[in-house]
Amino acid sequence: MNVFVIGATGFVGGALARHLTARGHLVTGLARTDIAAVARAAEGITPVVADLDSRRSATIDAALQADAVVYTAQADPVLETATVESLTRPMAGTGKTLIFLSGSGLLLQRTAGAWSQDSFAEHDPFVVEPLATSRKAAEDTVLAAASDRLRAMVIRPGLTWGPGDHGHVPMTYRSVAVTGAACYVGLGLSTYSHVHIDDVTRLFTLVLEAGRAGGLYHAVAGEVPNRWIAESVANHLGCDTRSVTPQEAVLVWGELGALVMAASSRLRAVRAQRELGWRPEHTDMLSTIGEARLRKLADHST
């Protein structure tokens with residue numbers, strides 16, 4: 001299959017492009033710079049030098065030449081909305097495949113570090129996080145396009161971890177560099193459902209092969225409250241843990257980081273498992289504790 005990956009230089013998109021190439025697919029990947037193009041070519045990925053802004057038309061042209069298009073970019077909301085609309089219109093009626101990568105941030109709950117009993121399967125109703133309204137609208141645009149003979153689908157993973165990630169474990173290590181302690185917000189019971197990058201790329205493969213038009217698929221392998229993460233990091237580094245207020249958290253992680261570290265976002269992957277037989281192989285996010293790259297993040301001098 002000829003697959004065009006928009007976002008091939010990113011964490012998920014890059015891993016997916018390499019995974020599909022290894023499985024024998026012909027993969028093209030969006031590269032915004034010549035340097036990025038050279039890097040993609042070295043990985044066996046055919047680069048398309050374009051972007052989602054001034055060179056969006058070149059991106060759409062490349063998409064129309066592929067059998068399947070996978071959108072994994074983390075773009076500005078305005079650019080993302082425009083790109084999704086620009087993709088779905090010309091692809092409508094072609095019978096081709098379009099997969100949109102979303103995320104569990106849509107159903108984030110601002111719990112200030114407290115536990116939330118709410119957990120959401122693919123089509124459970126939820127209140128959309130205000131900062132993610134444009135992403136939800138993009139999801140809706142993609143899924144609505146499935147009625148126009150376009151095999152359009154959405155994948156919504158939890159917190160994605162693995163080599164090179166920037167999620168909750170790395171953020172907790174960074175808090176040690178800032179405060180001298182492994183931090184969590186409030187009670188530290190806020191929880192994100194998580195999934196390993198390799199399990200996410202396997203789900204993409206299953207969706208490409210057997211996903212149904214209009215399908216929405218969650219990817220989740222486990223959950224770890226933030227306080228447990230902090231305790232594991234503190235045990236590794238021999239430091240203390242510390243509870244911070246939401247206001248203090250901004251000084252540690254910045255506004256967006258503080259929001260994420262104080263929130264809960266819990267998923268259940270019901271349709272991915274029932275319809276596609278997807279099962280996660282990596283379930284212990286705390287297995288990354290102790291990695292050299294993470295220890296460096298706790299260094300006050302970096």
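Predicted model: local features only at pLDDT ≥ 70, side-chain atom pairs only at ≥ 80, totals over all residues.
Biologist: Which residues of α5 are buried, and within what arc do they fall when seen down the axis?

Modeller: The buried residues of α5 are R135, A138, E139 and V142. An α-helix has 3.6 residues a turn, so residues three or four places apart point the same way. Seen down the axis of α5, the buried residues line one face of the helix, because they fall within an arc of 100°.

Biologist: What covers the buried residues of α5?

Modeller: The cover includes a helix, α4, at residues 77-91. It also includes two strands, at residues 97-101 and 151-157, which are β5 and β6.

Biologist: How many aromatic pairs are counted, and are the planes of Y71 and F100 stacked or edge-to-face?

Modeller: The count comes to two aromatic pairs. In the pair of Y71 and F100, the ring centres are 5.2 Å apart and the planes stand at 20°. Planes under 30 degrees apart count as stacked, so this pair is stacked.

Biologist: How many residues apart in sequence are the parts that Y71 and F100 tie together, and is Y71 buried or exposed?

Modeller: Y71 has a relative accessibility of 1% and therefore counts as buried, and F100, also at 1%, counts as buried too. Y71 lies in strand β4, residues 68-71, whereas F100 lies in strand β5, so the pair ties together parts whose separation in sequence is 29 residues.

Biologist: Are the rings of F120 and F126 stacked or edge-to-face?

Modeller: Both F120 and F126 are buried. Their ring centres are 6.0 Å apart and their planes stand at 65°. Planes over 60 degrees apart count as edge-to-face, so the pair of F120 and F126 is edge-to-face.

Biologist: How many salt bridges are counted, and how many residues apart in sequence are the parts tied together by E209 and R23?

Modeller: The count comes to 18 salt bridges, and in one of them E209 joins R23, with the closest N and O atoms 3.1 Å apart. E209 lies in helix α7, residues 197-210, while R23 lies in the loop between α1 and β2, so the pair ties together parts whose separation in sequence is 186 residues.

Biologist: Which residues are linked with R40 in a network of salt bridges?

Modeller: The side chains of R40 and E43 meet in a salt bridge, at 3.0 Å from N to O. R40 is buried, with a relative accessible area of 9%, whereas E43, at 29% relative accessibility, counts as partly exposed. The network links R40 with E43 and R18.

Biologist: Where does T28 lie, and which residues is T28 in contact with, leaving aside its neighbours within four places in sequence?

Modeller: T28 has its place in strand β2, and at 14% relative accessibility T28 counts as buried. Leaving aside neighbours within four places in sequence, the residues in contact with T28 are N2, V3, F4, V5, I45, T46 and V48.

Notes:
Residues numbered from 1 in each chain as written. Heavy atoms only, no water. Buried < 20%, exposed > 50% of the residue type's maximum accessible area, 1.4 Å probe, protein only. Helix = DSSP H or I, 4+ residues; strand = E, 2+ residues; numbered from the N terminus. Arc of directions from axis to C-beta. Contact = heavy atoms within 4.5 Å. Phe/Tyr/Trp six-rings, centres within 6.5 Å; stacked < 30°, edge-to-face > 60°. Salt bridge = Lys/Arg side-chain N within 4 Å of Asp/Glu carboxyl O.
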